[in-house]
Amino acid sequence: MPPVVLYPALDYSLVKEDITYADDRPRCLLLQALRWRLTKSVPGEQRDDVIVSYISNDLLACRLSPVIKGVGGGSNGGAHTNGVGGTESDSGTYKEAVFRILKSRTLSAQYLARLFNGIASIKDGRSYLSESIELLNEMQLAMQSEDRDSLTREMLLGSLQKLSLKRSLQTLMIKNGLIEWLVAELQESDSLSDYSLEYSVALIMNLCLRTRGKLRCSGFANKILSVLSDLLGTTTMTFDPT
């Protein structure tokens, strides 16, 4: 068996600069390349090396990120167009840029959500994402603001379902009213894609494994029983709480 070849190292200062300031299309291509670098890697040493690199360089701003100052040497007096409405000043942070892209409802938001979903598919990636409560809140808000047929919403839903395996994040999701929102969405399950339907059910099942989740459901028991009864007639789904 040939030895696994590790990918060349990236310059993450340049990666973060482009994510922050590039136009929508080149930013999308960069985010896609970062996702493919992970998902198309060989499981084992090569994939471990990629995810460790992303985490150690705080690719998704889950930790305190340094202030980006004077990046790009723009001619607009120290302020840079961020590509998603407005400018990024010298005092802005990479974390703020990531959050702004996530809420931008642009194609960049979809590719960023896809990257979140890819990283959340890996155990170490979930641990990394769970370091930021603020990020989880932003992901939920962005998901709920998207249209029902949005791919961005599907990717964020998938990410949250994977993150719901973490007990601390289950508590936060329950507190944020995610069970109630999911039940409301599932009342109109005919208009949901198969992906959204499956991951919505899996997410609500994970949250209801907790006593807090069960207690939360007790406040609208008739509604949730009606929803679950309707879902029992669905033949296109595989129910999996994880």
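Buried means under 20% relative accessible area, exposed means over 50%, and partly exposed lies in between (1.4 Å probe, protein chains only). This is a predicted model: local features need pLDDT of at least 70, side-chain atom pairs count only at pLDDT 80 or more, and totals for chains, interfaces and linings use all residues. Residues are numbered from 1 along each chain as its sequence is written, and side-chain values use heavy atoms, with hydrogens and water left out.

**View 1. The whole protein.** The protein has 13 helices and two strands. These are DSSP runs numbered from the N terminus (helices H or I, at least four residues; strands E, at least two). Of the 242 residues, 49% are buried.

**View 2. The largest nonpolar core.** A nonpolar core is a set of buried Ala, Val, Leu, Ile, Met, Phe, Trp, Tyr and Cys residues joined through side-chain atoms within 4.5 Å. The largest one here has 62 residues. I19, L59, L60, F116, L129, M173 and I179 have the most contacts inside it. Helix α5 (residues 107–120) gives the largest share of this core, seven residues. In soluble globular proteins, nonpolar side chains tend to be buried together.

**View 3. The surroundings of L59.** Contact means heavy atoms within 4.5 Å. Leaving out residues up to four places away in sequence, L59 touches Y12, V15, K16, I19, L34, Y54, Y94, L115 and Y128.

**View 4. The salt bridge of R216 and E180.** A salt bridge is a side-chain nitrogen of Lys or Arg within 4 Å of a carboxyl oxygen of Asp or Glu. By this rule the count is six. The side chains of R216 and E180 meet in one, at 2.6 Å from N to O. The pair links distant parts of the chain: R216 sits in helix α12 (residues 211–217) and E180 in helix α10 (residues 178–186), 36 residues apart. R216 has a relative accessible area of 31%, so it is partly exposed. E180 is also partly exposed, at 28%.

**View 5. The salt bridge of E138 and K103.** The side chains of E138 and K103 meet at 3.4 Å, N to O. This pair joins distant parts of the chain, 35 residues apart: E138 is in helix α7 (residues 133–145), and K103 is in the loop between α4 (94–102) and α5. E138 counts as buried, because its relative accessibility is 13%. K103 is partly exposed, at 45%.

**View 6. A salt-bridge network.** R148, R153 and E185 are linked in a network of salt bridges.
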